Amino acid sequence: MTLSARLHPHQRVFASFAVYAFGLGQIYPRLPDVKAAMGIEEGALGLALIGAALGTMIALTFGAPVVERLGHRRTVLWLTPALSLFFAIAIFASGPLALFLLLIPAGLTIGALEIVINVEADRTEAAMGRRIMNRSHAFWSFGFFGAGIFGALMIRLGLSPQMHMMLVVPLVTGLVWLLLSDYQPAAKRGTDTNEDSPKFARPSLAILVLVGVSISAMLLEGASIDWSAIYMVEVFATAPFMGGVAVAAGALSQAIVRYFADRFVDKYNPVRVARAMQAMMALGVIIIFFATGPVMALIGFGFLGAGTSVLFPLTMSAAAQRDDRSAATNVAALAQFSFIAFLLGPPLLGFVAEHFGLRWTFGIGLPLILMSMALAGALAPKTRS
């Protein structure tokens with residue numbers, strides 16, 4: 001009997017988040033090496049990274065029918081190792097244009113997996129009668145933490161980015177077999193329908209306000225993923241493995257907060273939780289911007305990871321509770337606009353880094369945090385008469 005057969009359904013959901021994130025996160029500690037090998041500046045690297053963002057947006061917008069046809073089980077079992085393979089191929093790119101093109105298939109795979117694992121988490125928590133969504137995303141962060149630590153170890157051992165990424169393919173495949181081979185999709189919720197959702201959901205003014213609440217967290221989470229490793233190597237001239245440690249630091253603090261978040265959201269008003277997280281983000285940005293050494297910067301990335309942990313789930317809940325339109329339409333509108341900030345914003349911050357310095361890649365987020373704090377009252381639970 002495999003370990004997967006011994007896991008409960010919700011534990012296999014947690015495992016799917018963790019293994020997916022472990023494969024996804026491997027490339028980011030190696031971005032300093034990729035940049036150096038190509039001899040390019042941050043702006044060109046940022047444009048190349050948009051290839052993954054483009055593929056992800058295409059899959060999120062048009063991929064649901066394909067995923068339903070393929071089936072959730074096959075999507076998880078086939079595409080999780082395929083994601084690692086696509087990244088392993090992309091790492092051989094000789095220039096930014098080739099990297100952009102080779103990251104598109106990886107992005108398509110990311111989008112498909114995002115659809116499936118989040119739907120499975122939603123259906124599983126409905127079947128269990130208790131929340132597991134934030135905890136599921138905590139395991140995503142734990143997986144990303146593992147990727148940062150593993151990447152730092154590969155750098156420490158002197159492995160090339162190409163050899164590192166090729167080793168990840170059989171490793172992820174083995175983890176899928178060990179933890180997910182008995183994966184079975186959860187039963188559909190009673191609210192699931194066979195009707196096609198709109199390809200583009202028009203945001204209402206209320207949804208745009210919620211986008212404003214989440215945009216700082218989405219942008220700065222993406223900035224931490226894309227640029228923290230390069231920040232450590234170039235600002236403080238640290239050993240390259242410290243870039244992997246920076247990626248891991250943000251992911252670990254994010255994972256810990258997400259793991260315990262549901263009980264805090266239940267106990268305290270979502271507005272208070274959101275503003276506490278936004279204050280933590282602001283503190284992280286300030287520490288990173290003024291850091292005088294690598295240890296201080298790592299502390300900043302820890303605060304930043306914790307602060308970004310639950311703002312997007314809070315806004316998604318607020319969107320679903322609105323009664324002006326269907327919950328599905330409001331959630332889709334919020335997700336589409338927030339993911340644009342998450343996927344396209346951080347790569348474009350490469351131009352900020354190139355012209356104003358890597359500290360400003362994070363410092364530019366401070367005004368957005370202040371705006372998000374001002375709008376956080378929109379998260380107050382709706383009272384029904």
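Student: In this predicted model, which residues are linked in a network of salt bridges?
Tutor: The structure holds 4 salt bridges. One of them pairs E42 with K35, with 4.0 Å between the closest N and O atoms. The network of salt bridges is made up of K35, E42 and E234.

Student: Are E42 and K35 buried or exposed?
Tutor: A residue counts as buried when its relative accessible area is under 20%. E42 falls in that class, and K35 does too. For E42 and K35 the term is therefore buried.

Student: Which residue forms a salt bridge with D33, and is that partner buried or exposed?
Tutor: D33 is partly exposed, at a relative accessible area of 24%. Its salt bridge is with R30, the closest N and O atoms being 3.0 Å apart.

Student: How many residues apart are E221 and R258?
Tutor: The side chains of E221 and R258 form a salt bridge, 4.0 Å from N to O, and both residues are buried. E221 belongs to helix α10 (residues 205-236) and R258 to helix α11 (residues 241-267). The pair links distant parts of the chain, and the separation is 37 residues.

Student: Is α2 roughly parallel or roughly antiparallel to α6?
Tutor: Helix α2 (residues 9-24) packs with helix α6 (residues 72-90) at about 15°, the axes being 9 Å apart. Angles under 35 degrees count as roughly parallel. The relation of α2 to α6 is therefore roughly parallel.

Notes:
Residues are numbered from 1 along each chain as its sequence is written. This is a predicted model: local features need pLDDT of at least 70, side-chain atom pairs count only at pLDDT 80 or more; totals for chains, interfaces and linings use all residues. Side-chain values use heavy atoms; hydrogens and water are left out. Axes are lines fitted to C-alpha atoms, for helices over the stretch in contact, and angles run from 0 to 180 degrees between N-to-C directions. Helices (H or I, at least four residues) and strands (E, at least two) are DSSP runs, numbered from the N terminus. Angles under 35 degrees count as roughly parallel, over 145 as roughly antiparallel, 65 to 115 as roughly perpendicular and the rest as oblique. Buried means under 20% relative accessible area, exposed over 50%, partly exposed in between (1.4 Å probe, protein chains only).
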